[in-house]
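Here is a brief report on a protein model.

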Amino acid sequence: MKLYYSPGACSLSVHITLHEAGMAFVPVKAPTKTHKLEDGTDFYSINPLGYVPVLELDDGTRLTEGPAIVQYIADQVPAKHLAPANGTVARAQMQGWLNFISTELHKNFAPLFNPATPAEYKPMVTERLLSRFQWVDAQLAGKQYLMGDAFSVADPYLFNVSNWAPLVKVDLSGFANLAAFRAHMAQRPAVQAAMRAEGLIK
């Protein structure tokens, strides 16, 4: 398999999940600014939408959209218990987390990274993000992970997206439960392996 990623982008969630799964894959850097691979290939020929992640399977099939990809990975290695079983309430709850992170956190960061966003709009976006993170912080009370004591593929996504906060001056320092979650996640070998591979840590 090939994982097309851009360092620190939302593809980090998939990168971590692949390491958690112990699956063999080749990481291929696809910078979101240039859309050119290191061999000169136009990334738009891989994904016409131009964004990561893309997971290319051994048969050439290409999967897009991180929340879908991480569930596919989890289902390939059921013995690893990276996601609750399909059809269970717990699986629906985990999918709820993936959807929440995608729409309420990930998407709301986008205007803060966009230089074309009007300056007067950014404080409103920041306030919305902080209200969502406040809710997440409350949900993490007494838990190691989003689903309780058990790690799931929703956790790398929250870790990944919350990493962006200091880059756009969103202050998460008041959220103790989130901070504890992030510290716990940062110690996982799969997280360290993926971040090291992307040049995010040494």
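Glutamine 76 is partly exposed, as its relative accessible area is 38%. The model is predicted. Glutamine 76 sits in helix α2, which spans residues 66-76. A polar atom of its side chain lies 3.1 Å from the backbone oxygen of tyrosine 72. Between the C-alpha atoms of glutamine 76 and glycine 142 the separation is 30 Å; the two are 66 residues apart along the chain.

Now the charged pairs. Side chains of opposite charge can pair when their charged atoms come close. The structure holds four salt bridges. Among them are these:

| Salt bridge | Closest N to O distance |
|---|---|
| Glutamate 20 and arginine 188 | 2.7 Å |
| Arginine 91 and aspartate 75 | 3.0 Å |

Glutamate 20 pairs with arginine 188. This pair links distant parts of the chain, 168 residues apart: glutamate 20 is in helix α1 (residues 11-21), and arginine 188 is in the loop between α6 (176-186) and α7 (189-197). Glutamate 20 has a relative accessible area of 13%, under the 20% cut-off, so it counts as buried.

Arginine 91 bridges to aspartate 75. Arginine 91 lies in helix α3 (residues 89-113) and aspartate 75 in helix α2, so the bridge ties together parts 16 residues apart in sequence. Arginine 91 is buried at 2% relative accessible area, whereas aspartate 75 is partly exposed at 36%.

Arginine 132 is partly exposed, with a relative accessible area of 27%. Glutamate 104 is also partly exposed, at 22%.

Technical notes:
Residues numbered from 1 in each chain as written. Predicted model: local features only at pLDDT ≥ 70, side-chain atom pairs only at ≥ 80, totals over all residues. Heavy atoms only, no water. Helix = DSSP H or I, 4+ residues; strand = E, 2+ residues; numbered from the N terminus. Buried < 20%, exposed > 50% of the residue type's maximum accessible area, 1.4 Å probe, protein only. Polar contact = N/O pair within 3.5 Å; in protein donor to acceptor, adjacent residues only side chain to side chain. Salt bridge = Lys/Arg side-chain N within 4 Å of Asp/Glu carboxyl O.
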